[in-house]
Amino acid sequence: MLSYIVQRLVQTALVLFVMSFIIYAMIGLMPGDPIDLMVQADPDLTAEDQARLKQLYGLDQPLTTRYWNWLTAAVQGDFGYSRLFAQPVLDVLWPRLGNTIVLIGCAFLLSLAIALPAGIAAATRPRSLLDNAVNLGAFAGISVPPFWLAILLIILFAVTLEWFPAGGMTDPGQGGLLDQLHHLVLPVVALTLARVGGIIRYVRASMMEALRQDYIRTARAKGLSRRRVLVSHALRNAMIPVVTILALDMGMLVSGALITETIFGWLGMGKTVYDAVLGNDYNLALMGLLFATALTLLANLLADLAYAWLDPRITYD
Amino acid sequence: MTERDPTADTAGELRAGAARALEASATPARLLWRRFRGHHLALGSLIVLVVLAALSFAAPVIEAWTGLSATRVDLMARNAAPTLAHPLGTDELGRDLLIRLLYGGRVSLTVGLVAAVISAIIGTVVGIAAGYYGGRFDAALMRFTDGVIALPLLPLLIVLAAIDFTKLGLPEGLMTSESASLYRMILLVSLVGWTTVARLVRGATLSLKTREFVTAARALGAGNARIMWVHLLPNVASPIIVSTTLSIGNIILLESVLSFLGLGIQPPMASWGNMLTNAQELIYSNPMLAVWPGLLIFVTVIAFNFLGDGLQDALDPRSGLQR
């Protein structure tokens, strides 16, 4: 088991390394470069000055050399400055990573709290009115454009009913925990509704598959209570594929968080990446993307480990 | 790009699938149609999609007939309420909302259909090759596919959407033409959309390639390419059709998100996504501007999902029994 964890950690680090190069190359292909931005700020720069600056900052080097320079600086803890925030990149990103984890974590827990009971209830009474309703709701959930849903929530709860703020992290002059939670409600609900439909469908399908197995019939024949059969026989086995899906869904959740954060002005990773890309903040975009990638890869790793805990049939040699 | 009826593919493939069923097991094509027809939601969705597509692709004709214009700015009639002249009112620049919605549908449906077909082709090639050749080749391709699935796609797509293609040596004329954002969108979405089909096809190929008819074909001297093209591909057609139909909805969602964020289809070309870009600022003055495009995306995507679901039941009767 330990060697498996080490092996997966090495694998994850390797993927992250490859991704860092791909992302570096992609950022290099964004319009303009730092010299262009300097020219914008100071139109008096001559072509000679530009060439000299390019040489000074190493922008005339080939891609691999530039990447190597970035990497050697990065392992020494120098990730560069953010142009938009005039701060070291990591000083910008750490608090925002925290904000995203709060948002994603709340949405994840809320999705589970909705999807598990709904999926199980639907699976135990196939073709009933309840099952049809859950199914229809899940279909609607996976088909609704997440940003539109967020806008509708704002129209209803912020503009019309005025129950919750339309965006931001805190109200000016306040900023206590309660105020922050108040601002968290709509983003979490929007992100949850955007993802929960898919999870319900997986829980339902997986539970139905488990309920078809022979050991369920055996358990029932033994005279176990319905509840016991459902929870300790069916659910435990049904959860194994669900965990994989939840892990794969983490990438989608990070994607969804980008939309939610942008619409609600929640200062998280997704909004930061978006602002950085639009604002030509190359250093920030690069590290923001790497953070987002690392976050999803880590979630995948955790899911693989949870696998072993849930399914004793899987051994790791 | 040629425009075409978006249902042509599905209906054509449905007929082809039915014809195969007829040859293979003497199951009448009617049986397939009857199974599909029994799925009321899917049938209704098909009708909705046909109507929506017909109206969208006829937008220039409707524009000419009614004298409404999708591009004429009328600052005297901004944010007008619905009237006989403007059935759904006008937007913040006084353009007729209904015609703009139809033009937007044309773009969104085109992106969805074309990118779904390209994704399906990439996914099928990757899936059949991985499943058929197996071994290290398979392992490498599937690790790559898993990697793409696990990535946070939207943040990466945002950077890809911002890429300056002239830095890659593409001619400037191509990238600045009016339809450039359309081509770019189709390319981007196809790049990430092929993974589901690849995994499904690989799984099906793995089990099919050990069957007797493949061994028989090989004994008769068929080469690898012929076995994959003639013997394997027709047998994996149903999962491809179903997952392609389902992916159209996802692609339309993805297109709308990127366009909403200002990185997809660029104005003045309308798409359902970019019609919502300004909606957030206008929710106080004209909330209906935010409602209509989103509602159309929602209806279209849910219709494609119901259609895919119905096709799955019709093409694979066993899945129906298990439900």
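At what angle do helix 1 of chain A and helix 4 of chain A pack, and how far apart are their axes? The angle is about 115 degrees and the axes are 11 Å apart. Axes here are lines fitted to C-alpha atoms, for helices over the stretch in contact, with angles running from 0 to 180 degrees between N-to-C directions. Helices are DSSP runs (H or I, at least four residues; strands are E, at least two), numbered from the N terminus.

A word on the model: it is predicted, so local features need pLDDT of at least 70 and side-chain atom pairs count only at pLDDT 80 or more, while totals for chains, interfaces and linings use all residues. Residues are numbered from 1 along each chain as its sequence is written, and chains are lettered from A and ligands numbered from 1 in the order in which they are written.

Two residues are in contact if their C-beta atoms, placed from the backbone, lie within 7 Å. The table shows who takes part.

| Helix of chain A | Residues in the contact |
|---|---|
| Helix 1 | A:Phe21, A:Tyr24, A:Ala25, A:Gly28 |
| Helix 4 (residues 63–75) | A:Leu63, A:Tyr67, A:Trp70 |

By class, that makes six nonpolar, one polar and no charged residues. Ala, Val, Leu, Ile, Met, Phe, Trp, Tyr, Cys and Pro count as nonpolar, Asp, Glu, Lys and Arg as charged, and the others, Gly among them, as polar.

Now for where the chains meet: 38 residues of chain A are in contact with 38 residues of chain B. On the chain A side, helix 10 gives the most, with eight residues. That side divides into 30 nonpolar, eight polar and no charged residues.

The largest nonpolar core has 154 residues, and A:Ile151 and A:Val273 have the most contacts inside it. Such a core is a set of buried Ala, Val, Leu, Ile, Met, Phe, Trp, Tyr and Cys residues joined through C-beta atoms within 7 Å. Buried means 20 or more other C-beta atoms within 10 Å of a residue's own. Among the residues that A:Val273 touches are A:Leu258 and A:Leu289, plus B:Pro155 and B:Ile158 from the other chain.

Chain B has 15 helices and zero strands, and 44% of its 323 residues count as buried. In helix 14 of chain B, 22 of the 28 residues are buried, so this helix is largely enclosed by the rest of the structure.

Methods. A residue is buried if 20 or more other C-beta atoms lie within 10 Å of its own, exposed if 12 or fewer, and partly exposed in between; C-beta atoms are placed from the backbone. Lists of a residue's contacts leave out its neighbours within four places in sequence.
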